[in-house]
Amino acid sequence: MRRFTLVRRCVSVLLVVGLSLAAREPALAVDVEVRSLSEKPLANVPVTFGQVFKKGEIADGIVARLGGKPAALQTDVKRLHDDRSVRFAVISARLPEVPPHGKVTLSLVNGMLRPATPAAVSQADLLKTDFDAVVTLTFPDEAVRQASARKMLEKAGENAERWLHGPVATEWLLSGPPTDPQGKADEDLHVQFQVRAFAGCRRARVSVVVENCWDTWAGNIRYDASVTVGGKAVFSAKAVDHRRLSRWRKVVWWGDGRPPVHVVHDLPYLSSTGALPRYDTSLPEVEQTWEQKKYIRMEGPDFRIMGRGALTAYMPSTGGRPEIAPYPKWTVLYLLSMRPREKTLALAGGDLAASWPVHVRARKTGRVMTIDERPQFWLNGRGKDKPAWKGDRHPPGPNYVKLTADMAHQPSLAYVPYLVTGDFYYLEEAWFWANYCLLNTWPHPRRGADGILSGQIRGNAWSLRNLADACWITPEGRPEAAYFDKKIRNNLADRIRRMLGPPEYNKMGFWGIRSTQNARIQNPANPDWMVIAPWEHDYLMWSLHHLVELGWTEAGRARDFLLRWRVGALTNAQDFNPLLATPYRFVVGEQCPDGEVTFYEDWKRLGRENARLSKPDLPNYGCSYAYSARAACVCGTDAGFPKAAAAAAVLEANLPDFKNVMAKNPIWAILPGGAAAK
């Protein structure tokens, strides 16, 4: 059986033009729909998208069928599974025709090829045209600095890094500082152009990114920004306050412009790969809430460059929010509906992830600045090795909005956009946010370069998710893959050792205990109680199970430790009222005069003590603790954990009309039968 050989940073191009297939009919992997958004018929339409595949499914090559016939296809393979089958590829195709408001289906299958090989789109082809994209930054002192995609492409020559390469599309990754008319570079700002030229060079897509991310620690920089394409103005923004450790992005088109098509992925298939939870696609259609209608319009300064989008500006704020979940509400609504407007909002969240001050790029390497390079570094600013901040080059204006990130409330913003588009920009955003989890952890409990996460349990949950997602999608041969993988494995080994010992931490599965004073419980019936935040543990159980689905099977041991109490609280009704199973705080034991903790190890005692702290209640709304508890039990069901399915059934029986509730807010609408189901 032929295996993929990956060269030039794991770019393998398989071309199917008048191909001859093996005698056997290749097995279908997945269908991808391309829908027209135009009232007119479309011809020779180029389309590019990301696609994840199940382990073992694509071992020979990716073959496309269109209407039952072989179709021209370019595949840039980015990541393989450990069995060397394809995990993720960027797919490019040229569709002969798409009817008005109609659709065509690309069937992707595993198959051996004997391809003809048309020439790839080359730099020379593009440079023969008038193509250019220029960023102009005008500063308060009237200084002007520019960056030109054409000049960068000419300068890079054959050394230009390619993200895509083939006869349908070639994409170059270009970057450099903006310069003044004398050629002097700006010392803090950096510009990226991700230039995707399509066959025939009648159109090109340019992802323009402007950064203030270097580890030379610049402050706020103010400027007016404009972008021209082919000499025509396509974007402008006045008085941009470019905050430290942030960037912004605009996608613009040269030539024939953006093709009016929309790519529709198969959500059940995506879930079957382990990349995403098994969301409930049977949920009924419900009317959009006022919040959804507000955000879907994407109006106002929050959705402009450097804006916060749909996120809360002060991320540490308390209270439930649509982004505090495995994946944000707007992302899940897109996945469930696959509608263009919902997709636009989900991608906007990935674009505006750049606005937050979490992006640290090492000038020495040009990559994310790692804790391997600086083991004692702490982004917080209180450590021995900390940012040496410069002052603001220009003070922020009166409309400036401060954005404050927080590990305990951090969302996933760029992972799903990368899965469905294959855009390099979203990949880097996933890296930056994952690395923030390491840079922002105190180096002492982090154990320097080991990367051990500390702090709040929910922060551990979301950090592990972002680290694992970023690692799982990182292309072959990129150092970020080994870097993140090592930190994940260090964390899992640390949790397993501390939970399971020997000696075992406790037999009930309690973790992350806090005193009543630390938990801010007012007038507790027993001031010596030790408590946990059960909902935070539900988040962690989901996250650990997600790691299992992605291939870190050892995460299951830590997940199963926590499942002991989560399942037990719902399946010991004679001793413990299950309506007490999802409170804000959960009593697990008490602290003795000598400081040692005695855990309550029978459900009768636990039931009695928790009845003194909380009122029996299962809140019935989609983002409530009851629904995250249900998701944890679903994870246990897939893990084969004893009585986990019964625990989920108890919750569902006590949550009236729970399907309709999840339809209104589907962030926890996860079904059993995911990729790791036993």
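**View 1. Arg162 sits opposite Trp172 of strand S12.** The model is a predicted one: local features need pLDDT of at least 70, side-chain atom pairs count only at pLDDT 80 or more, and totals for chains, interfaces and linings use all residues. Residues are numbered from 1 along each chain as its sequence is written, and side-chain values use heavy atoms, with hydrogens and water left out. Strand S11 is joined to S12 by three bridges, and the two run antiparallel. Helices (H or I, at least four residues) and strands (E, at least two) are DSSP runs, numbered from the N terminus.

**View 2. An open sheet of five strands runs in the order S11-S12-S13-S14-S17.** Its pairing is antiparallel; two strands pair if DSSP finds at least two bridges between them. Strand S11 (161–164) and strand S17 (246–255) are at the edges with a single partner strand each, so one side of each has no neighbour in the sheet. From one strand to the next, the twist averages 20°. Helix H2 packs on this sheet, where H2 touches S12 and S13, and the direction of H2 makes about 95° with that of S12. Angles run from 0 to 180 degrees between N-to-C directions, and axes are lines fitted to C-alpha atoms, for helices over the stretch in contact. Helix H8 lies across S11, S12, S13, strand S14 (203–212) and S17, and runs at about 175° to S17.

**View 3. Helix H2 (residues 149–156) has buried residues Ala149, Arg150, Met152 and Leu153.** Seen down the axis of H2, these buried residues fall within an arc of 165°, so they line one face of the helix. The arc is that of the directions from the helix axis to the C-beta atoms. Lys151 and Lys155 are exposed on the other side of H2. Buried means under 20% relative accessible area, exposed over 50%, and partly exposed in between (1.4 Å probe, protein chains only). The cover over the buried residues of H2 includes helix H1 (123–127), strand S9 (133–138), strand S10 (144–148), strand S12 (169–176) and strand S13 (190–198).

**View 4. Strand S3 (residues 42–52) is largely enclosed by the rest of the structure, because nine of its eleven residues are buried.** Ten bridges connect S3 with strand S7 (residues 86–98), and these strands run antiparallel. Gly50 has Val90 as its bridge partner in S7.

**View 5. The largest nonpolar core has 148 residues.** A nonpolar core is a set of buried Ala, Val, Leu, Ile, Met, Phe, Trp, Tyr and Cys residues joined through side-chain atoms within 4.5 Å. Those with the most contacts inside it are Leu276, Tyr415, Phe484, Phe510, Trp552, Phe586 and Trp668. Helix H8 (residues 424–439) supplies the largest share of this core, 13 residues. Not counting residues up to four places away in sequence, Tyr415 touches Ala275, Leu276, Tyr327, Asp469, Trp472, Ile473 and Leu550. Apart from this core lies another, of 38 residues, among them Cys201, Val210, Trp248 and Trp254.

**View 6. An open sheet of four strands has the order S19-S20-S21-S22.** The strands pair antiparallel. Strand S19 (514–515) and strand S22 (597–599) are the edge strands, and each pairs on one side only. Strand S21 (residues 586–591) is linked to S22 by three bridges, with the two running antiparallel. Gln591 is opposite Val597 in S22. Helix H14 (residues 603–613) lies across strand S20 (529–532) and S21, and H14 runs at about 105° to S21.

**View 7. Gly459 belongs to helix H10 (residues 457–473).** With a relative accessible area of 5%, Gly459 is buried. Leaving aside neighbours within four places in sequence, Gly459 is in contact (heavy atoms within 4.5 Å) with Met407, Ala408 and Gln410. Thr370 is in the loop between helix H6 (340–352) and helix H7 (415–421). Thr370 counts as buried at 11% relative accessibility, and its contacts, with neighbours within four places in sequence left aside, are Asn435 and Tyr483.

**View 8. The structure has zero disulfides.** A disulfide is a pair of cysteine sulfur atoms within 2.5 Å. Cys437 is in no disulfide, and the nearest cysteine sulfur, that of Cys471, is 13 Å away. Cys437 counts as buried at 0% relative accessibility. Cys201, at 9% relative accessibility, also counts as buried.
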